[in-house]
Amino acid sequence: SALERVRLVKQGLPARTVQEMSVAMGLPRDQLMRAVGLARSTVERKIAARARLSEGESEKLVGLSRLIGQVDAMVRESGQAPDDFDAARWFAAWMAQPVAALGGLCPQELLDTADGREALATLLLQSQSGVYA
């Protein structure tokens, strides 16, 4: 829920969440951090110290997780989801490909800002309904 996401962002996600997301997405940690706009040295230091991410860092990961959840819900609601569908890995592949509806940008170029993530959420909704911007 929105309130749960706010709580997670305000308390700060454990830094190890970056590792967990990179594994779930099948991406190198550096690539994930670059895509969402996290400073590698800061995150690595926080992982080693078992610290929490800042609100800003947490918000970026929660936003990414929300997009992955949106993909998962879309596929499940379609009634055509393969049993082995993995939304995190699908999203990782999709975010690296240029998208015409984004003017040829790759979705990963938009993940580091709230407006960019909102634009991606809108694009996913439009693709679900068959309407493109």
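1. Surface. The protein chain exposes about 7,500 Å². Carbon and sulfur atoms supply 53% of that area. Accessible areas come from the Shrake-Rupley method with a 1.4 Å probe, and for residues only the protein chains shown count as cover.

2. Basis. This is a predicted model: local features need pLDDT of at least 70, side-chain atom pairs count only at pLDDT 80 or more, and totals for chains, interfaces and linings use all residues. Residues are numbered from 1 along each chain as its sequence is written, and side-chain values use heavy atoms, with hydrogens and water left out.

3. Fold. The protein chain has seven helices and zero strands. Its pattern along the sequence is α-α-α-α-α-α-α. Helices (H or I, at least four residues) and strands (E, at least two) are DSSP runs, numbered from the N terminus.

4. Overall dimensions. The C-alpha trace of the protein chain spans about 45 × 30 × 25 Å along its principal axes.

5. Of the 133 residues of the protein chain, 41% count as buried. Buried means under 20% relative accessible area, exposed over 50%, and partly exposed in between (1.4 Å probe, protein chains only). Contact means heavy atoms within 4.5 Å. Among contacts between residues at least 6 apart in sequence, 57% join residues at least 24 apart.

6. Charges. The protein chain carries 16 positive and 16 negative charges, and their mean positions are 8 Å apart. Lys and Arg count as positive, Asp and Glu as negative; His and the chain ends are not counted. Each charge is placed at NZ of Lys, CZ of Arg, CG of Asp or CD of Glu.

7. Salt bridges. How many salt bridges does a search of the whole structure find? The search finds eight. A salt bridge is a side-chain nitrogen of Lys or Arg within 4 Å of a carboxyl oxygen of Asp or Glu. Side chains of opposite charge can pair when their charged atoms come close.

8. Glu-4 forms a salt bridge with Arg-7, with the closest N and O atoms 2.4 Å apart. Both lie in helix H1 (residues 2–11), three residues apart, about one turn of the helix. Glu-4 counts as partly exposed because its relative accessibility is 33%. Arg-7 is also partly exposed, at 40%.

9. A pair across the chain. Glu-59 and Arg-117 meet in a salt bridge (2.5 Å, N to O). This pair links distant parts of the chain: Glu-59 is in helix H5 (residues 55–78) and Arg-117 in helix H7 (residues 114–129), 58 residues apart. Arg-117 has 5% relative accessibility, so it counts as buried.

10. A third pair. Asp-86 forms a salt bridge with Arg-89, the closest N and O atoms being 3.9 Å apart. Asp-86 is partly exposed at 33% relative accessibility. Arg-89 is partly exposed too, with a relative accessible area of 44%.

11. Ile-47. This residue lies in helix H4 (residues 40–48). Ile-47 counts as buried because its relative accessibility is 15%. Which residues does Ile-47 contact, leaving aside neighbours within four places in sequence? They are Ala-15, Arg-16, Gln-19 and Arg-29. Ile-47 and Val-18 are 29 residues apart in sequence and 8.5 Å apart in space, C-alpha to C-alpha.
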